[in-house]
Amino acid sequence: MVQVKLLAQQTVGIHLVPSRHGSIKADEAAPAPFHVDLWFYFTLQNWVLDFGRPIAMLVFPLEWFPLNKPSMGDYFHMAYNIITPFLLLKLIERSPRTLPRSMIYVSIITFIMGASIHLVGDSVNHRLLFSGYQHHLSVRENPIIKNLKPETLIDSFELLYYYDEYLGHSMWYIPFFLILFMYFSGCFTPTKAESSMPAAALLLVVPSGLYYWYLVTEGQIFILFTFTFFAMLALVLRQKRKRLFLDSNGLFLFHSFALTLLLVALWVAWLWNDPVLRKKYPGVIYVPEPWAFYTLHVSSRH
């Protein structure tokens, strides 16, 4: 009788204590709070280390950073290549949804390799500004390059430009937006009341969207960005049918991208009839780079 009583108490105790796996599922189902710390650091380092690196290269005197040594902008780029993957990994850690680890690891490795390739090519291309290189012209049309002898040297500069603008950008930005999209896919909640942005998110939307405008135009990744944005939009519409709504982090990312798309459209409309930039970007998709605009319309006046 005593044994039966003890067995009954143990059985009740087992049912009263929640399992470890059950608690994990509950945590995963719960919506994540707005990651104000990560989004703030992410936006700040994007502006300082990415947007600010070519400016730092021009501002700091050549006596401190001679042309045969890395510039201050290059050191900014090195810091970006370390900090950004770290922040992306921290962002993935906080995702309410379990994401495929193998794809995350491969994406992060490819991101670092692409950003490092870009570091070398971009360093040389920007240092050529001090020698009279003009970003609004193609490599072969630049005055300091078109008369190089032997002519095979021009091929070497075109290879450098390819590593910088095509291979480096592709290996950098494709995994970057893939990681953001995978994170975005977990930013849904069944409670509509939780689908709102706090004040901190509203304050960060404008600088975040403005930075992505720079990224899309300078990186020449309009197609990749547009594909990512409409993939996000399609996912939102699909999840809405299941009565799932974006949480604060998802809303922040979606509104940042929507603002970016608007800014890119305004930028293209403003420079639509520029004959020089039209010549450099002759394709169907016309999205001029800010640095090409700078060398054509700003630095040439000084």
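The following questions and answers go through a predicted model of one chain.

Student: What does the model rest on, and how many helices and strands does the chain have?
Tutor: This is a predicted model, in which local features need pLDDT of at least 70, side-chain atom pairs count only at pLDDT 80 or more, and totals for chains, interfaces and linings use all residues. Residues are numbered from 1 along each chain as its sequence is written, and side-chain values use heavy atoms, with hydrogens and water left out. Helices (H or I, at least four residues) and strands (E, at least two) are DSSP runs, numbered from the N terminus. The count is 11 helices and 2 strands.

Student: What percentage of the residues in the chain is buried?
Tutor: Buried means under 20% relative accessible area, exposed over 50%, and partly exposed in between, with a 1.4 Å probe and protein chains only. The chain has 302 residues. The buried share is 44%.

Student: What share of the accessible surface belongs to carbon and sulfur atoms?
Tutor: Accessible areas come from the Shrake-Rupley method with a 1.4 Å probe; for residues, only the protein chains shown count as cover. The surface of the chain comes to about 16700 Å². Carbon and sulfur atoms hold 69%.

Student: Among contacts between residues at least 6 apart in sequence, what percentage joins residues at least 24 apart?
Tutor: Contact means heavy atoms within 4.5 Å. Among the contacts you describe, the share is 78%.

Student: Which residues touch the most other members of the largest nonpolar core?
Tutor: A nonpolar core is a set of buried Ala, Val, Leu, Ile, Met, Phe, Trp, Tyr and Cys residues joined through side-chain atoms within 4.5 Å. The largest has 62 residues. Helices 3, 4, 5, 6, 7, 8, 9 and 11 each supply at least two residues of this core. The residues touching the most other members are W39, F176, F184 and F257.

Student: Which residues does F184 touch, not counting residues up to four places away in sequence?
Tutor: F184 is one of the residues that touch the most other members of the largest core. With that sequence limit, F184 touches M232, L235, V236, L246, G250, L253 and F254.

Student: Which residues does the second, separate core include?
Tutor: This core has 6 residues. Among them are L128, V139, I145 and Y161.

Student: Why is the pair of F34 and F252 called edge-to-face?
Tutor: Rings of Phe, Tyr and Trp (its six-membered ring) pair if their centres lie within 6.5 Å; planes under 30 degrees apart count as stacked, over 60 as edge-to-face and the rest as tilted. The whole structure holds 36 aromatic pairs. For F34 and F252 the centres are 5.6 Å apart, and the pair is edge-to-face because the planes stand at 75°.

Student: How many residues apart are F34 and F252?
Tutor: F34 sits in the loop between helix 2 (20-29) and helix 3 (36-59). F252 is in helix 9, residues 248-270. Both F34 and F252 are buried. Their separation is 218 residues.

Student: How far is the charged end of R278 from the ring centre of Y286?
Tutor: A charge sits over a ring if NZ of Lys or CZ of Arg is within 6 Å of the ring centre and within 35 degrees of the ring normal. R278 also lies over the face of W272, at 4.1 Å from the ring centre. For Y286 the distance is 4.1 Å.

Student: Which side chain makes a polar contact with that of S208?
Tutor: A polar contact is a pair of N or O atoms within 3.5 Å; within protein, one must be able to donate a hydrogen and the other to accept it, and residues adjacent in sequence count only if both atoms are side-chain atoms. S208 lies in helix 7, residues 199-219, and counts as buried at 6% relative accessibility. At 3.3 Å, the partner is S256.
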